[in-house]
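Thanks for coming. I have one model to show today, and I will keep to what can be computed from its atoms. Please look at the sequence and the structure first.

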Amino acid sequence: MAEAQSLAAPAGGTTQDLLIPLRRHTAVSRANPVAKLAAVLVLMLGVLLSIDLVSAGVMLALLLVIALPLSGLDAGAMLRRLWFLPVAALLAGWATAIMAEKTGAVLLDLGPYLVTTDSLAAGAAISMRALALALPGICVAATTDPTDLADALVQHLRMPERFVLSALAAARLVTLFVEEWKTLVLARRTRGSGADSPWARVVALVPLAFALLVQAIRRGTRLAMAMEGRGFGTQSRTWSRISRFHARDAWLVLCAFAFSAAAVGAAVAAGTWRLILT
C-alpha cells in the first residue's frame with residue numbers, strides 16, 4: 001500500500017535528482033508538461049528537416065545561450081553527469097567525416113582516413129544536430145515532475161489512464177532501483193566477493209543484474225496488487241490535481257517556433273538548407 005501511496009507524492013528529490021538539479025524555478029521549469037512536449041517537438045522538427053551545419057549550429061547556440069539559462073538547470077552538473085553525450089556526438093561527427101563523400105579540399109590524408117572540407121562540415125553538422133536534438137529532451141526530463149506529466153497526459157491528451165499510471169509507477173521506482181543496486185554491491189563486498197579489478201566489475205554485472213531483476217519482479221507484483229486494491233485500474237477516475245495551461249505555456253511554444261524559424265531561416269539565407277526528404 002505504501003508503494004501505491006508514493007505515486008501521489010511530490011517528485012521532490014526523486015527522479016529529478018538522477019538527471020540535473022534545478023538551481024532555481026523559472027517559468028520554463030513551471031510550464032505545463034504538454035506545452036514542454038509540444039515545444040520539444042517543434043525544436044526537433046527545426047533540426048530534423050535538414051542536415052546542414054548552419055541550422056544545427058544556430059539551434060544549438062540558441063539552446064545553450066537562451067533556453068538552458070531560462071530552464072534554471074545547473075549547467076555544470078549537466079556537463080558532469082552527461083559528459084558522454086558530447087563525447088558521443090563528437091564520435092558520430094568523426095565517423096561521418098571519415099565516411100561521408102569526399103568533396104572539397106583535402107584537410108587530412110592518413111591512408112584510409114581521408115577528411116575533406118565538405119566531409120568535415122557534414123561531420124560537424126551531425127555532431128551539432130545530435131546535441132541540438134538531445135538538449136531539449138534533457139531539459140524537459142529534468143524539469144518535469146512525473147506526476148504532473150501523468151496528470152497532463154491523461155487530462156489534456158486523453159491517453160489511457162492504466163498505461164499512464166503504470167508508467168508513472170515505473171518512473172517513481174527508478175531511484176529505488178539505483179539504491180538497491182548500491183545495496184547489492186555493498187552486500188557482495190561484505191561477503192568478500194566484491195569486484196576489485198575492472199574485469200571483475202564487468203563479470204559481476206551479470207549476478208547483480210539478475211538479483212535486481214528478481215527484486216524488480218517481486219516489487220512490481222506487490223505494486224500492481226496495491227494499485228489494483230486502491231482503484232488505480234478503474235475505467236474512470238477523478239484527479240486531485242487539475243492540470244491547467246497558463247500564459248507561460250503559450251510563450252514557451254511560441255519561443256520554440258521562433259527558434260526553429262531562426263535556424264531554418266539562417267540556413268536558407270546561407271544557402272545550406274537541404275530538405276532531408278528530397
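First, the ground rules. This is a predicted model, so local features need pLDDT of at least 70 and side-chain atom pairs count only at pLDDT 80 or more, while totals for chains, interfaces and linings use all residues. Residues are numbered from 1 along each chain as its sequence is written, and side-chain values use heavy atoms, with hydrogens and water left out.

The protein has 11 helices and 2 strands. Helices here are DSSP runs of H or I with at least four residues, strands are runs of E with at least two, and both are numbered from the N terminus. In order from the N terminus, the elements read α-α-α-α-α-β-β-α-α-α-α-α-α. Of the 278 residues, 35% are buried; buried means under 20% relative accessible area, exposed means over 50%, and partly exposed is in between, with a 1.4 Å probe and protein chains only. The accessible surface is about 15900 Å², and 70% of that belongs to carbon and sulfur atoms. Those areas come from the Shrake-Rupley method with a 1.4 Å probe, and for residues only the protein chains shown count as cover. Take contacts (heavy atoms within 4.5 Å). Among those between residues at least 6 apart in sequence, 79% join residues at least 24 apart.

Now the cores. A nonpolar core is a set of buried Ala, Val, Leu, Ile, Met, Phe, Trp, Tyr and Cys residues joined through side-chain atoms within 4.5 Å. The largest has 24 residues, and I20, M59, L63, L73 and M78 touch the most other members. At least two residues each come from α2 (33-48), α3 (53-71), α4 (75-81), α6 (117-143) and α11 (247-270). Another core, of 12 residues, lies apart from it and includes V154, V164, L168 and A169. Which residues does I20 contact, leaving aside its neighbours within four places in sequence? They are L73, D74, A77, M78, R81, L82, I138 and A142.

Next, α10, residues 198-229. Its 32 residues should span 46 Å at 1.5 Å a residue, and the end C-alpha atoms are 45 Å apart, which agrees. The expected span is 1.5 Å times one less than the number of residues. There is a kink of about 30 degrees at L205, shortly before the proline P207. That bend is the angle between axes fitted to the seven residues ending at a residue and the seven starting there. A204, L208, L212, R219, L223, A226 and M227 are the buried positions in α10. After the helix comes G231, with a positive phi near 85 degrees.

On to the hairpin. Strands β1 (residues 106-110) and β2 (residues 113-116) run antiparallel and are joined by 4 bridges; pairing requires at least two DSSP bridges between two strands. V106 has T116 as its bridge partner, and L110 has Y113. The hairpin has 2 residues between the strands, and G111 takes a positive phi near 70 degrees.

Last, two residues. S119 lies in α6 and counts as buried, because its relative accessibility is 0%. M159 sits in the loop between α7 (146-155) and α8 (161-172), and at 28% relative accessible area M159 is partly exposed.
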